[in-house]
Every structure is written in structure tokens, then in C-alpha cells.
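User: I am new to this structure and would like to understand how its descriptions are reached. Could you take me through the terms as they come up?

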Amino acid sequence: MNPHEIKRLRTESVLKELIPEALATLEDGLLKGLCVTDVECKKGRYDAFVYLDKMAFDEHEQNYILSHLRRVSKHLQNHCMAAEGWYKAPNFHFKFDDRLEYQNHMDKLFDKISKDLKKDE
């Protein structure tokens with residue numbers, strides 16, 4: 001692992017802690033309770049993709065949350081810069097995390113395949 005990768009991983013780790021803290025300072029109740037599941041920084045650490053837990057939000061609520069997060073992203077960046085002493089924070093791109101649903105779907109498929117194989121034996 002080279003030093004650039006280590007810095008990127010460290011930045012991701014710090015952002016996983018700082019973004020929920022910054023969200024807790026907001027006035028909006030929906031945004032306060034959001035759970036950050038993962039943060040992925042791109043190679044130059046100029047962009048960070050922030051993955052959020054869906055927590056049974058419907059499509060309308062998800063669109064509302066994403067639009068409001070785009071509006072307050074500068075506030076979140078300022079919070080991260082002040083907390084860590086950075087002179088620049090990555091641009092945040094928010095997405096809802098579908099990986100858990102995908103993993104559950106894959107687990108169900110593997111269970112079905114194993115049951116079918118046991119039936120054939």
C-alpha cells in the first residue's frame with residue numbers, strides 16, 4: 001500500500017465520523033438522523049461519495065433528502081474543515097446505499113441454489 005492510498009483511507013475514515021456529526025448540527029429532523037454507511041474518496045481526494053442507509057425511506061423522501069443534502073453540502077464541508085484543520089474538503093456526492101439489499105438478494109439466491117442441489121442428490 002503506497003502513501004497516497006493510506007492518506008485516502010485515512011480521509012475516508014475521518015469523514016465517516018465527521019459527516020454524521022455535521023448532520024447532527026442541522027435543523028432538519030430527517031437529515032439529523034441519517035446514518036452514513038460508507039464514504040469512498042476518489043484518487044485525488046477531491047470528490048467523496050457518501051453512502052447513506054435507506055432506513056425504509058420511500059422514493060419521495062429519498063429525493064427530498066438528496067436535494068437538501070446538496071444544499072447543505074458546503075456547511076458539511078466547512079464543519080469537516082474546521083474539525084480537522086483542513087484547508088480544503090472533498091466535494092460530497094450523496095447516494096443511498098443499495099449494497100445491503102443486493103447482498104440480501106444474493107444470499108437468497110445462493111440459499112435457493114443450495115436447496116435445489118440438495119433436492120437433486
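User: What makes up the lining of the largest pocket by class?

Analyst: This is a predicted model, in which local features need pLDDT of at least 70 and side-chain atom pairs count only at pLDDT 80 or more, while totals for chains, interfaces and linings use all residues. Residues are numbered from 1 along each chain as its sequence is written, and side-chain values use heavy atoms, with hydrogens and water left out. The lining has six nonpolar, two polar and five charged residues, where Ala, Val, Leu, Ile, Met, Phe, Trp, Tyr, Cys and Pro count as nonpolar, Asp, Glu, Lys and Arg as charged, and the others, Gly among them, as polar.

User: Which element gives the most to that lining?

Analyst: Helix α1, residues 3–24, gives the most, with four residues; a helix here is a DSSP run of H or I with at least four residues, and a strand a run of E with at least two, numbered from the N terminus. The protein chain has five helices and three strands, in the order α-α-β-β-α-α-β-α from the N terminus on.

User: What share of the residues count as buried?

Analyst: Of the 121 residues of the protein chain, 31% count as buried, meaning under 20% relative accessible area, with exposed over 50% and partly exposed in between (1.4 Å probe, protein chains only).
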